[in-house]
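Please look over the model shown here, and then read the notes on selected features that follow.

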Amino acid sequence: MAEVSALRISYATIGYHHTAVLRDVSLHVPAGQTLVLTGANGSGKSTLIKAVLGLADVLAGSIDGPARREIGYVPQLDTLDADFPVSAGQVVLMGRYRRIGWWRPTGRADRRAAAEALDRVGLADRAGDRFGVLSGGQRQRVLLARAMAGEPRLLLLDEPFNGVDADSRVAILAVLRELTVAGTALVVSTHDLALADEPADRVYRLGEP
Amino acid sequence: MLIEPFRVPFMARALAELALLALVGGPVSVFVFVRRLSFVADALTHTVFPGVVVGFLAGGLTGVFVGALVAGLVTALVLTLLTRRGALSDDASTAVVLTAMFALGVALVSRRPSYTSDLTAFLFGRLLTVTPGQLAQTAVLAGAILMLLAVGARAFLFRAFDPGGATAAGFRVGALDLWLNVLVALVVVAAVRAVGTVLVIALLIVPAAAARLVSDRLVAMAVLGTAVTFAAGYLGLLISWTASVGHGIQLTSASAVVLVLVAVYLVLLPAGRNR
């Protein structure tokens, strides 16, 4: 049986404003599998993820994936303001906003999906806590829950193990495994080669000839 | 003694006007706070000023509203475009534009014989001469602002907290920024005749800043911001009434309101230390 492809990148040149950052990238992630992107900082891992999200330009070649609303994204933790007055539960609910649309109020099904996602990352009891008071690992798990609340077919995680304690790393890896069993395709970037093998079905190294 | 002054119609209307402004000021200031738009809000109050003056010269008091509206919307658009290109970090050039606009307003108004009193009215408002018609206008504008805010609130929150994530989720950040800037402009327009272009900045910044000192919940911040503004409006009016009627001291009511509002912020400041 042929594998169902969740993401296929063919001979893509990727960059910003006509300046190429990555050239000739070809890769393929079937549903239910995990691709780990490795490479030093600045090798273009984030750029590749952004190109899949449509936030970086595809200058040549092609990227074929699910529709935007079926793609989940877990950004790098250090891009977020820890003083922001928002609770962990609210952050997870953001993962539903696109589904809710503009006019409908946030419904019970949305709250339930958010609560379930937070429960799956083991933080059900922290929903009311301000996002910024959580530890780095817990915050990362909240962002993972947010992406899961949107029920994505393809989930992109940018350096999810950065600044994450051992407990949270174990929790994150367990959830990622559950997701792939359920058929979600994952793309995980990490600069830490030691962490690459654990979740990976395949590894793509950037910045090497 | 505490409600007696508000039996006088113009005092009641002033309080009603402030209640409407408090209603929008609470929630809008929360988004100004989390999006760090204080500078944008400040910019708006400065650029609305020449609009107010031109409107007044062209069409009297009705013209003030139209002039403020046009200037506010144009500024919202220009500021959105400037921030998109990242040019707003260039404080100097923006400040030049702001002062230029402000000076233009002063130059225009100085051509009038009633220069001083007009200038005072534009800068600090005429809270005690709010007419029933103006009150109705403010009510309509407040309703529109709250509706536009309610529809966009979730997206504004997402964008403020995590612009990258919001963009990845398919929200158009530029459009959201324009939308929020227009809302801030509309608050300035709604408030400008009553409290003036300078004091309106307090309504856009202090409510949420004060509420943040005692709460880190956004809804609570909005409600508290409104409550604090209304309380300051009531107390400020009462103080200025008592000062002028009871003691013969002239105290502009709008400035009394803003001073009370800032005093509340200062009282709450120690509470913020543990948050």
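## A helix pair in chain B

H5(B) passes H7(B) in a left-handed crossing, that is, one in which the near helix is turned anticlockwise from the far one by less than a right angle. The model is predicted, with local features needing pLDDT of at least 70 and side-chain atom pairs counting only at pLDDT 80 or more, whereas totals for chains, interfaces and linings use all residues. Residues are numbered from 1 along each chain as its sequence is written, and chains are lettered from A and ligands numbered from 1 in the order in which they are written.

The axes of helix H5 (residues 132–161) of chain B and helix H7 (residues 173–214) of chain B come within 9 Å and cross at roughly 155°, and the two are therefore roughly antiparallel (an angle over 145 degrees). Axes are lines fitted to C-alpha atoms, for helices over the stretch in contact, with angles running from 0 to 180 degrees between N-to-C directions; helices are DSSP runs of H or I with at least four residues, and strands are runs of E with at least two.

## Met11 of chain B

Met11(B) lies in helix H1 (residues 9–34) of chain B and is buried, with 20 other C-beta atoms within 10 Å, where buried requires 20 or more such atoms, placed from the backbone. The C-alpha atoms of Met11(B) and Gly152(B), 141 residues apart along the chain, are separated by 34 Å.

## A sheet in chain A

An open sheet of three strands in chain A has the order S2-S1-S4 with antiparallel pairing, pairing being counted where DSSP finds at least two bridges. Six bridges join strand S1 (residues 5–16) of chain A to S4(A).

Terms used. Parallel < 35°, antiparallel > 145°, perpendicular 65-115°, else oblique. Buried ≥ 20, exposed ≤ 12 C-beta atoms within 10 Å, placed from the backbone.
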